[in-house]
Amino acid sequence: MTDGGSGSGDETAPEPATGNHHRGSARHVVQAGAVHGDVYLTSGAAESAIIPRQLPLAPARFVNRRADLALLDALLPGAGGAGGAASPSSLNVVVITGPPGVGKTALALHWAHRVRSLHEDGDLYVNMRGHGIGPRVDTSSALLSLLRAMGVPLDRIPDDLDGRAALYRSRLDRKRVLVAIDDAVSADQVRALLPASAPATVLITSRNRLSGLAVYEGARRMALHALSVEESLELLRAGVGADRVDAEPEAARELVDHCARLPLALRVLSERVMDRPGYSLGEVAAELRAEDERLDALGTADDELSGVRAVFSTSYSALPPDCARLFRSLGAHPDAEFSGEACAAAVGLDPKAAVRVLDVLVARNLLQRTTRHRYRLHDLLRVYAVERFRTEEPPRNRGEILKRLAGWYLANVRRALAVCSPNFPSVDVPEPRPTGGLLDFTGTEDALAWFDVERPNIVGIVRAVHDAGLLDLAWRIPVAAYGFFELSRRWEEWRLVNTIGHRAARSMGHRYGEGRNLIGLADAEWLLGDKEEALTHYEAALGAGREAEDPWTEGFALRQIGLLRWELDRSPSGPELLRQAAAVFRAAGERRGEGMALLGLADCAREAGRLDEAAEHCREAMSVFTRLPDSWTVAWARYAMANVLRASGRHRAAVAEYRAALDVFVGDRDLDTEALARTGLGESYAALGETESARMHLGAALDLLRSVSDPRADSVAAAIARLDGESPKPDPSGAPGRGGGDRDVR
C-alpha cells in the first residue's frame with residue numbers, strides 16, 4: 001500500500017500517482033491518509049468452510065420402487081437419468097406424497113444417498129414432525145437448525161423468520177446442495193426452507209399433497225402408492241428370506257394381501273415372522289385373517305409408535321372434526337370403493353358438502369380419488385376406519401348409516417332399471433326415502449355402466465343390511481336389481497343376493513318378498529344349469545305369489561315352470577301352464593307378461609313342428625307389444641318370428657326379421673340377444689348360400705359367446721365349421737335354447 005504523496009517539498013519533482021494498491025488476499029484491509037507510529041494488524045482464525053452432511057442412515061434392505069427412482073433420477077440433471085426434465089439453471093423441488101406407511105421417507109432417503117455425491121456443497125436434513133413423535137417443528141426453528149448446520153454462529157442468526165430465511169437463501173445461493181425436508185404438513189411450513197437458486201435440489205415428503213408448492217413454486221409432485229404383489233413379495237423375501245417365501249408361495253401372497261401391499265406393514269410383518277422361527281408363513285397368515293385383530297398383529301411390541309395403527313392415528317388425530325367423522329363413517333360402508341353421492345347419503349350430508357370433506361381426505365392421502373366422482377379407501381386404512389367407528393360411535397349409528405346407504409342404492413337401482421326396462425314391476429323404497437344425491441341416467445348404456453361399477457357395493461350392502469337386521473331392505477334390493485344381474489350375466493352373484501333376499505323375507509313372513517326373490521333365485525339356478533333346483537324354486541314362488549295375491553309372480557312362475565317342463569321332457573303340461581300364465585297376466589292387465597307367455601307357446605309349437613300355430617302366437621304377441629312403449633319386446637317378438645320363418649324354410653323373410661331385431665339389440669347393448677340374432681342370421685345366410693355373410697355373423701356371435709364362456713359357443717363353432725365342409729342343413733328348432741326364460745326384465 002502507498003500513501004498519497006512524497007512529502008519532500010520539491011515542487012519541480014513530478015508528483016507521484018495517487019492510489020491504493022494491494023497484493024494477495026484482501027480479507028482485511030486498512031486504508032489511511034497518514035499514519036504516524038507503528039501499525040499492528042491482528043485477525044482471528046479464518047472461518048472454515050463447513051460442508052454439512054446431515055442425511056440420516058439410508059434404509060436397510062430397500063427394494064423395489066424402480067420406476068419411482070427412475071423418475072427422480074430424470075428430474076435431476078446429471079443424476080444418471082434423462083436430465084432434461086429441468087434446465088440446469090432451474091431449482092429442482094420434488095414433493096413425494098402418499099398415504100401413511102407407504103414408504104415416502106424410505107424412498108426419499110434411499111434416493112438422496114444415491115445422488116449425494118453430486119451435491120459437493122453438502123446435504124441438509126430436517127424432520128418437520130408433521131405426524132411424528134414430539135411437537136411439530138415450526139419454520140423458524142427449522143431455519144435455525146439448518147443455519148447452525150452450515151456453520152453460522154448463533155449470534156449472527158436473526159431472531160425473526162424473515163431475517164433467518166433471507167440469510168438461509170444467501171448462504172445457499174448457487175450452491176450445489178441437497179435439502180431433504182421430511183414429514184411436512186403444509187406448503188407454508190416449508191416455503192421459507194426453499195433455496196432461491198439452482199443448482200440446489202429440494203426433496204420433500206408429506207402425507208398431504210402440498211398443492212401450493214406446485215402452483216406457486218413449480219414443485220413436481222410424485223404420488224407414491226402401495227406396492228404391486230410382486231414388489232411386495234420381493235420386500236417380504238428381503239425381510240424373512242427367499243427360502244421361506246418360496247417354500248410357501250400361497251401363504252406369502254395371503255400375507256401380502258393382509259398387509260394391503262403397504263411397505264410399513266410388510267416390514268413390521270417381517271419382524272413378526274422373524275420373531276417366530278418355529279411358525280410357518282401359513283400360521284402367521286392365519287393370525288392376520290381376523291380384521292379386528294389385524295392392526296394389533298401389525299404393531300411392534302418394543303416400539304408402539306412404529307406400528308401401522310400408530311402411523312394411521314397421527315394422521316387421523318390431525319383431522320378437523322367433520323373430516324374425522326366422515327372418515328370413520330366410511331368404516332360402515334360395505335366396500336372400499338364408493339361414489340361421493342353414496343358417501344353423502346351414508347352420513348346425511350348434501351353431496352357438495354360431502355365432496356368438500358372428501359377432498360380434504362384426498363389431500364391428506366387418507367383417501368384416493370379413482371375417477372372424478374369415485375373414491376377408494378386403502379384396505380388397511382379401511383380396517384382402521386372400522387376400528388375408529390366402533391370406538392367412537394354408538395352401535396345404533398351403524399344401523400342408521402346402513403339404512404341411509406341402502407335406501408340410496410335401492411332408489412338409484414330403481415331409477416336405472418326404469419331407463420332399461422320401463423315395464424318391469426319394481427318395489428317401493430321404504431321410508432325415510434333419500435332426498436339428495438339421486439342420479440339421472442341418460443340411457444340404457446349409462447344405466448348398465450353405473451350398475452357394473454356399483455355391483456360390488458350392491459352385493460355388499462345386501463349382505464350388510466341382512467346381518468344388521470334391516471330385513472325389509474335386504475329383500476327389496478335384490479328384487480329391484482333383478483334385471484341388472486341378468487343383463488350383466490353375473491349369475492353367481494344373482495343367486496347369492498336373491499338367496500339372502502329370500503331368507504330376509506321369510507324371516508319377516510313377507511310372502512310377496514319371498515315370491516319375488518324366489519323368481520330371481522330360480523332364474524339364476526336355471527342359467528347356472530341346475531334345472532331341477534330351478535323348478536323347485538319356481539314352484540315355491542308360485543305358492544308365495546298366489547298367497548300374496550301377486551299376479552306378476554304367479555304368472556311368471558307358471559310360465560317358467562311350463563317352459564322348463566317342456567324343455568326337460570316335452571311334457572304336454574308345459575303349453576297348458578303357459579296358457580294359464582297368459583290368462584293370469586291378461587286378467588291382471590300385465591300385457592307384457594301376457595305377450596311373453598304367448599312367445600313361450602310359439603317356441604313350444606315351433607319345436608313340435610306346428611309352424612302355423614307358432615307364427616300365429618308370434619303375431620298375437622307382436623300385437624300386444626306394439627301397444628307398449630318398449631322397443632326391446634317388439635324386437636324379441638320379431639326374433640321369435642324369424643326363428644319360425646327359418647324353420648319353415650323362408651330364409652329371406654327370416655333374414656329381414658333377424659336384422660330388424662338385431663338393430664334394437666345392438667342399440668341396447670344387449671350382447672346376449674345380439675349373439676342369438678347373429679346366430680340366426682348366420683344360419684339363414686348359410687341356407688341361402690351367402691357364405692361370407694353367414695361367416696361374418698356367426699363369427700361375431702362366436703366372439704360374443706366365448707367372451708362370457710357361454711356353452712352355446714360350441715354349436716356356433718360347429719355351424720362355422722359346416723360352412724367349409726358339406727352344405728349346411730337348416731336347423732328346424734331355430735336358435736339355440738336359452739335357460740331362464742325370455743328376458744322378462746326387458
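This is a predicted model: local features need pLDDT of at least 70, side-chain atom pairs count only at pLDDT 80 or more; totals for chains, interfaces and linings use all residues.
Colleague: Where does Leu 178 sit, and why is Leu 178 called buried?

Modeller: Leu 178 belongs to strand β3, which covers residues 178–184. The relative accessibility of Leu 178 is 0%, and since buried means under 20% relative accessible area, Leu 178 counts as buried.

Colleague: Which residues does Leu 178 touch, leaving aside those up to four places away in sequence?

Modeller: Contact means heavy atoms within 4.5 Å, and the residues that Leu 178 touches in this way include Leu 55, Ala 112, Val 115, His 119 and Thr 201. As for Leu 203, which is 25 residues apart from Leu 178 along the chain, the two C-alpha atoms are separated by 7.6 Å.

Colleague: What makes β6 and β7 the edges of their sheet?

Modeller: The sheet is open, with three strands in the order β6-β8-β7 and antiparallel pairing. β6 (337–339) and β7 (368–371) each have a single partner strand, so one side of each is left without a neighbour in the sheet. Direction ignored, neighbouring strands of this sheet are turned by 35 degrees against each other on average.

Colleague: How do you know that β7 and β8 pair?

Modeller: Two strands pair if there are at least two bridges between them, and β7 and strand β8 (residues 374–376) have three bridges, in the antiparallel sense, so they meet that condition. Arg 369 stands opposite Tyr 375 in β8.

Colleague: Which helix lies across β6 and β8?

Modeller: That is helix α15, residues 340–347, which runs at about 85 degrees to β6.

Definitions and conventions
Residues are numbered from 1 along each chain as its sequence is written. Side-chain values use heavy atoms; hydrogens and water are left out. Helices (H or I, at least four residues) and strands (E, at least two) are DSSP runs, numbered from the N terminus. Buried means under 20% relative accessible area, exposed over 50%, partly exposed in between (1.4 Å probe, protein chains only). Axes are lines fitted to C-alpha atoms, for helices over the stretch in contact, and angles run from 0 to 180 degrees between N-to-C directions.
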